[in-house]
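Welcome, and please take a moment to look over the sequence and the model. The report that follows walks through a few of its features.

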Amino acid sequence: MAGNPDFTLFQLEDFHHELREAIRGLSEKEIAPYAKDVDGKSRFPEEALTALNAAGFNAVHVPEAYGGQGADSVATCIVIEEVARVCGSSSLIPAVNKLGTMGLILQGSEELKQKVLPTIVNGGMASYALSEREAGSDAASMRTRAKADGDDWIINGSKCWITNGGKSDWYTVMAVTDAEKGANGISAFMVHKDDEGFVVGPLEHKLGIKGSPTAELYFENCRVPGDRIIGAPGTGFKTALQTLDHTRPTIGAQAVGIAQGALDAAIAYTKDRKQFGKTIASFQNTEFMLADMAMKIEAARLMVYTSAARAERGEKNLGFISAAAKCFASDVAMEVTTNAVQLFGGAGYTTDFPVERMMRDAKITQIYEGTNQIQRVVMSRQILR
Ligand code: COS
């Protein structure tokens, strides 16, 4: 078994490293300075949107055929990770643009892709509308209905916890088209913010990711043209789950980025802060905590890139690895950010430093795109099958 001189396993391509450098530079210069204000005022990070749009980092996943950059899934994760390292809220711009268009990319008609995707590349935004007040983890129990009316569809119902709701132009909306068929009676539609009967409801007041609006959506006899359905009627729930297989790695990437941001802040602070006559970084307790934090982030990052690479290769049965990557990385982010606050002591509990924001932002990564309990359902179903 001769060694392969071109051995590249576990090694990113040069362009991935160049991409990281570019997005890190942009994030530090044009996003980080506003992160505290965005969080403190619960305001949308307009500066981040402008900077990401100008540099073409807002929706890198869109294929070149639709005017996008066609970045691979690992590259998309790197963009999200680097933005999240400085601002969790802002990282939801590229992340949710992928979530809101992935069903369309995977299963939509060519005409619908041509209609929607270039608008996202050009700075429009997209969201994903699956959850309802009474249908969260049990997504298939949704009540929103879509009925055919001539060539159109009429949607009635409501969706909630919709990330970037109200900011997005397009929404991938799952609705029941045949109540007799359970999960196989659900269809997916692209709804535009200007569609008749589409209403954005109130925003949630949240623990973290305060810069990203989370809205309720109402569909009041919302009329959408017939060609806005994604795939065939009844395939919408599968499209929704298939989408999550491709996007859970992006939440893992967001979690890795938040954790890395907290670790970087903790390293800088503990090397500077002196107690008992020496820097707190020189106490073995701190060294071991920092080593554990870095070790777990590295493991999470590898898992996230592996899951993204497997999605990129179009492997089947992505359920286990994408759920595992999201679950593991988000648990790591929660632990690392909590320990970062601990290392800062009293200062870490104040808004003078970013680690308390990162700890609050990390929490949602254990909840959205499926709670980590649901990730374990997905994983165990695959390993026990
Ligand atoms: N890709 C494509 N199809 C899939 C799939 C996947 N990853 N996983 C399951 N399916 C198919 C199943 O094979 C089944 O089809 P058939 O009836 O033709 O066999 C159908 O989809 C329904 O699947 P299942 O019976 O497993 O659905 P459940 O209602 O039991 O729900 C879970 C499955 C719990 C995994 C799902 O509801 C879920 O992921 N919930 C969390 C939702 C979530 O992440 N919400 C956050 C929203 S984004 S913030």
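Which helix gives the largest share of the lining of the largest cavity? H1 does, with three residues. Helices here (H or I, at least four residues) and strands (E, at least two) are DSSP runs, numbered from the N terminus. A cavity is found on a 1 Å grid over the protein atoms alone, as a set of points where a 1.4 Å probe fits but cannot get out, while a pocket is an open set with protein on both sides within 12 Å along at least five of seven lines. Lining residues have an atom within 4 Å of a point.

Before going on, please note that this is a predicted model, in which local features need pLDDT of at least 70, side-chain atom pairs count only at pLDDT 80 or more, and totals for chains, interfaces and linings use all residues. Residues are numbered from 1 along each chain as its sequence is written, and side-chain values use heavy atoms, with hydrogens and water left out.

**The cavity and a pocket**

Rolling a probe the size of a water molecule over the atoms shows where empty space is left. In this structure there is one cavity of 30 Å³ or more, and the volume of the largest cavity is about 40 Å³. A volume is the space filled by probe spheres set on the grid points, which are joined across faces, edges and corners. Around the largest cavity you will find Ala35, Val38, Asp39, Cys87, Gly88, Ser89, Lys210, Gly211, Arg357 and Asp361. At least two residues of this lining come from each of helix H1 (14-40), helix H4 (88-107) and helix H9 (355-365). By class, the lining of the largest cavity has three nonpolar, three polar and four charged residues. In this scheme Ala, Val, Leu, Ile, Met, Phe, Trp, Tyr, Cys and Pro count as nonpolar, Asp, Glu, Lys and Arg as charged, and the others, Gly among them, as polar.

The second largest pocket has a volume of about 570 Å³. Its lining is made up of 19 residues, and Phe10, Gln11, Leu12, Tyr305 and Ala309 lie nearest the centre of the pocket. H7 gives the most, with eight residues. The lining of the second largest pocket divides into seven nonpolar, four polar and eight charged residues.

**Helix H9 and its surroundings**

H9, one of the helices at the largest cavity, is mostly covered, with eight of its 11 residues buried. Buried means under 20% relative accessible area, exposed over 50%, and partly exposed in between (1.4 Å probe, protein chains only). The buried residues of H9 are Val355, Glu356, Arg357, Met358, Arg360, Asp361, Ala362 and Thr365. They pack against H1, helix H3 (73-86), H4, helix H6 (236-272), helix H8 (319-344) and helix H10 (372-384).

Is threonine 365 buried or exposed? Threonine 365 counts as buried because its relative accessibility is 0%. Leaving aside neighbours within four places in sequence, threonine 365 is in contact (heavy atoms within 4.5 Å) with Ile251, Gln254, Ala255, Ile258, Lys326, Ser330, Ala333 and Asn372.

Glutamate 287, in helix H7, gives another picture. Glutamate 287 counts as partly exposed because its relative accessibility is 39%. With neighbours within four places in sequence left aside, glutamate 287 is in contact with Ala281 and Ser282.

**Strands side by side**

Two strands pair if DSSP finds at least two bridges between them. Strand S2 (residues 145-149) and strand S3 (residues 152-163) form an antiparallel pair over five bridges. Here lysine 147 stands opposite isoleucine 154 in S3. The hairpin of S2 and S3 has two residues between the strands, and glycine 150 takes a positive phi near 60° there. S3 also pairs with strand S7 (residues 214-225), in the antiparallel sense over nine bridges, and isoleucine 162 stands opposite alanine 215 in S7.

**Annotated regions**
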